[in-house]
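Subject: The structure, and some notes on it

Hi there,

Here is the structure I promised to pass on.

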Amino acid sequence: MTRLPLPPSLYADTAVAPVATPPLDVDESVSVAIVGGGYTGLSTALHLAEQGVEALVLEAQEPGWGASGNNGGHTNPGLKHDPDQIEADFGAELGGRMIDFSYGTTNFTHDLIRRYQIPCEARQNGTLRAAYHAASAAAIERTAQQCIRRGMPVSYLNREQLREMTGTDRYIGAMLDTRGGDLHPLSYARGLARAAISAGAKVHGETPALSLRREGTRWRIETPRAVVHADKVLLATNGFTDDLWPALRRTIVPVFSSIAATAPLSDAVAGSIMPTRPVLYESGHITVYYRIDQQNRLLMGGRGPMRWIKSPHDVAYLMRYAERLWPQLKGVAWTHGWNSRLAITADHYPHVHEPAENILISLGCNGRGVALATAMGAQLARRLVGGAKAEIDMPITGIKPIPMHAFWPVGVTTAVMAGRVRDRLGI
């Protein structure tokens with residue numbers, strides 16, 4: 001196969017050099033084969049290799065080619081749902097573990113980056129979840145109180161405090177979690193691959209898994225040039241999940257998320273926008289998120305066309321919105337626009353499945369994949385090594401295809417249009 005070029009992103013132009021991940025061209029026999037070279041697969045390979053377990057990653061393109069190397073660069077704590085809701089859904093014991101785990105993912109990720117000295121522009125200056133109308137602000141305040149009640153480093157900020165932190169008077173309330181942060185996504189993916197290889201894992205790009213079947217007591221994976229035999233298999237394909245495992249593709253909705261980036265801003269302009277450099281995502285029906293990177297570029301993200309884009313003009317609404325927030329940006333050059341596919345689940349929880357003996361599946365980060373997928377790597381490695389007796393801090397559920405899945409493109413487009421209208425109306 002021919003390796004596809006990286007999406008035309010700022011990250012592709014500025015990332016650290018990749019580690020060599022040549023295509024697999026000889027048959028392999030390993031303890032664990034991992035399909036998918038994003039954060040989940042690479043982190044799992046790293047944590048397996050640290051324990052001396054043979055791990056081999058098969059990536060159809062190159063590590064970080066998908067959403068792992070093309071996301072907003074936010075390391076956000078928590079899950080989509082509030083802590084109280086998580087406990088109501090899963091009970092006090094498992095729900096409590098899920099809360100502790102998910103809100104600890106950012107510290108886990110930044111600790112790993114420091115431990116392996118991964119050069120990816122990582123900072124931990126906090127995450128703001130902000131609201132611009134009353135209903136969302138009230139919901140965010142409830143979330144903040146639930147986190148504070150559990151002893152988390154969280155605070156609720158009012159309009160005046162937010163104006164000082166963001167340089168705009170758009171927001172009336174926000175939750176600040178000091179554990180959040182940001183990084184260069186593609187440099188991080190490449191750094192994870194390098195760390196995994198240095199620990200003893202094997203990582204092969206341009207090596208899609210074409211078929212998967214049981215052969216005796218082991219699993220056989222066909223690739224274009226070679227065959228892999230493995231005792232256990234992890235599928236970690238997220239927004240690029242195909243039909244390698246029956247019905248799995250129909251359990252997630254692949255949604256494009258787009259980003260536009262400016263040229264480096266002057267110190268004066270950059271200093272007037274997010275001066276303490278937290279990341280921010282809005283609480284609305286259609287999420288917009290942004291940050292200022294270490295070169296003073298503004299990166300604005302949000303929903304865009306449900307197709308690949310190549311220019312910031314494909315998401316012109318993000319540029320217009322940035323000028324609404326900060327009029328001083330009028331006339332600033334926007335240099336890059338790109339996107340990639342995320343995996344959204346119907347219940348907005350990450351999904352972990354064990355549909356057959358020695359098969360583990362993890363997907364559905366729901367837009368929180370940087371820290372969540374990294375920390376899930378350690379959880380999945382524990383399960384792969386210890387088997388069913390090794391409990392992890394997420395539920396293991398059955399595969400449940402989404403009804404009417406074939407109509408998801410129409411549904412997503414309609415939901416985006418309706419959400420933008422509702423956000424404008426403040427309902």
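Predicted model: local features only at pLDDT ≥ 70, side-chain atom pairs only at ≥ 80, totals over all residues.

Residues are numbered from 1 along each chain as its sequence is written, and side-chain values use heavy atoms, with hydrogens and water left out.

**The helix pair.** Helix 3 (residues 83-90) packs with helix 4 (residues 92-103) at an angle of about 140 degrees, and their axes are 7 Å apart. Helices here are DSSP runs of H or I with at least four residues, strands are runs of E with at least two, and both are numbered from the N terminus. Axes are lines fitted to C-alpha atoms, for helices over the stretch in contact, and angles run from 0 to 180 degrees between N-to-C directions. The two helices are therefore oblique to each other (under 35 degrees is roughly parallel, over 145 roughly antiparallel, 65 to 115 roughly perpendicular, and the rest oblique). On the helix 3 side, the contact (heavy atoms within 4.5 Å) is made by P83, I86, E87 and F90. Helix 4 contributes A92, L94, G95, G96, M98, I99 and Y103.

**A buried face.** In helix 7 (residues 159-166), the buried residues are L162, M165 and T166. Buried means under 20% relative accessible area, exposed means over 50%, and partly exposed is in between (1.4 Å probe, protein chains only). Viewed down the axis of helix 7, these residues fall within an arc of 80 degrees, so they line one face of the helix; the arc is that of the directions from the helix axis to the C-beta atoms. They pack against strand 4 (127-131), strand 5 (154-158), strand 6 (173-177) and strand 13 (279-282).

**Single residues.** H110 sits in helix 5 (residues 105-116) and is buried, with a relative accessible area of 2%. Leaving aside neighbours within four places in sequence, H110 contacts T75, A122, R123, Q124, G181 and D182.

Which backbone angle of R277 is positive although R277 is not a glycine? For R277 that angle is phi, at about 60 degrees. R277 lies in the loop between helix 9 (267-271) and strand 13, and counts as buried at 14% relative accessibility. N366, also not a glycine, has a positive phi near 55 degrees. N366 is in the loop between strand 18 (359-363) and helix 11 (369-386), and at 11% relative accessibility N366 counts as buried.

Best wishes
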